[in-house]
Amino acid sequence: MNYKARQDQFDNIKWYDSILAGKDQCGSYAFCGKCRKNEPYPCARAAHRHENGYVRLAVIQRHS
């Protein structure tokens, strides 16, 4: 499944859950911690990162 199709599924799920909850459910799912809202298909990509255990690493460099 591609990101667009998966994002469409997430959009439908979020819409339905938001109606039931009476408020926007964006940010309330397990994968939302991996979300980068400025990229295309943010939910689909965040879910992919969450499911595959992607870890964001930082490199700290010391300046003299």
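Which residues does glutamate 39 touch, not counting residues up to four places away in sequence?

Mentor: In this predicted model, glutamate 39 touches Arg45 and Arg49, leaving out residues up to four places away in sequence. Glutamate 39 has its place in the loop between α1 and α2. Its relative accessibility is 16%, and because buried means under 20%, glutamate 39 counts as buried. The side chains of glutamate 39 and arginine 49 are joined by a polar contact of 2.8 Å.

Arginine 49 is itself among the buried residues of α2, together with Cys43, Ala44, Ala46 and Ala47. The cover over the buried residues of α2 includes α1. Beyond its end, α2 is followed by glycine 53, which has a positive phi, near 70°.

Several of these α2 residues belong to the largest nonpolar core. This core has six residues: Phe10, Phe31, Cys32, Cys43, Ala46 and Ala47. Helix α2, residues 42-51, supplies the largest share of the core, with three residues.

Phenylalanine 31 brings the aromatic residues into the picture. At 11% relative accessibility, phenylalanine 31 counts as buried, and phenylalanine 10 is buried as well. The two form a tilted aromatic pair, with 4.9 Å from centre to centre and 50° between the planes. Phenylalanine 10 lies in helix α1 and phenylalanine 31 in the loop between α1 and α2, so this pair ties together parts that are 21 residues apart in sequence. Tyrosine 29 and phenylalanine 31 form a stacked aromatic pair, at 5.8 Å centre to centre and with 5° between the planes. Through these ring pairs, Phe10, Tyr29 and Phe31 are linked into a cluster.

The buried residues of α1 are Gln7, Phe10, Lys14 and Ser18. Viewed down the axis of α1, these buried residues fall within an arc of 70°, so they line one face of the helix. The general rule for such spacing is that an α-helix has 3.6 residues a turn, so residues three or four places apart point the same way. The buried residues of α1 pack against α2. On the face turned away from the buried side, α1 carries the exposed residues Asn12, Trp15, Ile19 and Leu20.

Lysine 14 deserves a separate word. It is placed in helix α1, residues 3-21, and counts as buried because its relative accessibility is 16%. Apart from neighbours within four places in sequence, lysine 14 is in contact with Cys26, Tyr29 and Cys43. Tyr29 belongs to the aromatic cluster, while Cys43 is part of the largest nonpolar core.

The length and ends of α1 complete the account. At 1.5 Å a residue, its 19 residues should span 27 Å, and the end C-alpha atoms are 26 Å apart, which agrees. At the start of α1, a side-chain oxygen of asparagine 2 comes to within 3.3 Å of the backbone nitrogen of lysine 4. After α1 comes glycine 22, with a positive phi, near 80°.

Notes
Residues numbered from 1 in each chain as written. Heavy atoms only, no water. Helix = DSSP H or I, 4+ residues; strand = E, 2+ residues; numbered from the N terminus. Buried < 20%, exposed > 50% of the residue type's maximum accessible area, 1.4 Å probe, protein only. Contact = heavy atoms within 4.5 Å. Core = buried A, V, L, I, M, F, W, Y, C linked by side-chain atoms within 4.5 Å. Phe/Tyr/Trp six-rings, centres within 6.5 Å; stacked < 30°, edge-to-face > 60°. Expected span 1.5 Å × (residues − 1). Arc of directions from axis to C-beta. Polar contact = N/O pair within 3.5 Å; in protein donor to acceptor, adjacent residues only side chain to side chain.
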